[in-house]
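Dear colleague,

I am passing on the structure that follows, together with notes on what I found in it. Please read the notes with the coordinates open beside you.

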Amino acid sequence: MRSERGWTYDELARRTGLARRTLIEIEQGRTIGSLKTWHALAHALEVPVDNLFATLCEGHEPPAEPAE
């Protein structure tokens, strides 16, 4: 969503109050971030928080049921 808007990491950091490094690590999948972080992102991007999590779930298969 950041890149779709043409925003740099610096722009998103300014809009969220989050560190640029944090944003990079979240986007590259190296950290998960706190609920407070996701709330700040949703607010800055003007989308509901669940939209951000839905993006993470696209194409993800739940783990298989353990064999009995």
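**Notes on the predicted model**

The chain averages a pLDDT of 89, and 94% of its residues score at least 70, where pLDDT is the predictor's confidence in each residue, on a scale from 0 to 100. This is a predicted model, in which local features need a pLDDT of at least 70 and side-chain atom pairs count only at pLDDT 80 or more, while totals for chains, interfaces and linings use all residues. Residues are numbered from 1 along each chain as its sequence is written, and side-chain values use heavy atoms, with hydrogens and water left out.

Among the elements of the chain, the highest mean pLDDT, 97, belongs to helix α1 (residues 9–16), and the lowest, 80, to helix α4 (residues 49–57). Helices here are DSSP runs of H or I with at least four residues, strands are runs of E with at least two, and both are numbered from the N terminus.

**Helix packing**

I begin with the packing of α1 against α2. The axes of α1 and helix α2 (residues 20–27) are 9 Å apart and meet at an angle of about 110°, which makes α1 roughly perpendicular to α2. Axes are lines fitted to C-alpha atoms, for helices over the stretch in contact, and angles run from 0 to 180 degrees between N-to-C directions; angles under 35 degrees count as roughly parallel, over 145 as roughly antiparallel, 65 to 115 as roughly perpendicular and the rest as oblique. The crossing of α1 and α2 is right-handed, a term used where the near helix is turned clockwise from the far one by less than a right angle, with anticlockwise giving left-handed. On the α1 side the residues are Y9, D10, L12, A13 and T16, and they meet R20, L23, I24 and E27 of α2, contact being defined as heavy atoms within 4.5 Å. The residues of this contact between α1 and α2 comprise five nonpolar, one polar and three charged, with Ala, Val, Leu, Ile, Met, Phe, Trp, Tyr, Cys and Pro counted as nonpolar, Asp, Glu, Lys and Arg as charged, and the others, Gly among them, as polar.

Between α1 and α3 the packing angle is about 105° and the axes lie 9 Å apart, so these two helices are also roughly perpendicular to each other. In this contact, α1 contributes L12, R15 and T16, whereas α3 contributes A40, L41, A44 and L45. By class, the contact of α1 with α3 has five nonpolar residues, one polar and one charged.

Within α3, the residues T37, W38, A40, L41, A42, A44 and L45 are buried, that is, under 20% relative accessible area, against over 50% for exposed and in between for partly exposed (1.4 Å probe, protein chains only). T37 has a relative accessible area of 10%, and, leaving aside neighbours within four places in sequence, T37 is in contact with L18 and I26. H43 also lies in helix α3 (residues 35–45), but H43 is exposed, with a relative accessible area of 62%. H43 and D10 are 33 residues apart in sequence, and their C-alpha atoms are 16 Å apart in space.

E46, in the loop between α3 and α4, deserves a separate look. Its phi is near 60°, a positive value in a residue other than glycine, whereas most residues other than glycine have a negative phi. At 72% relative accessibility, E46 counts as exposed.

**Individual residues elsewhere**

R2, in the segment before α1, is buried, with a relative accessible area of 14%. Not counting residues up to four places away in sequence, R2 touches W7, T8, Y9, L12, E27 and L45. R2 and L23 are 21 residues apart in sequence and 9.9 Å apart in space, C-alpha to C-alpha.

E25, in helix α2, counts as partly exposed at 25% relative accessibility, and E25 is in contact with R30 and T31 once neighbours within four places in sequence are left aside. P62, in the segment after α4, is exposed, with a relative accessible area of 60%. P62 and L45 are 17 residues apart in sequence and 27 Å apart in space, C-alpha to C-alpha.

With best regards
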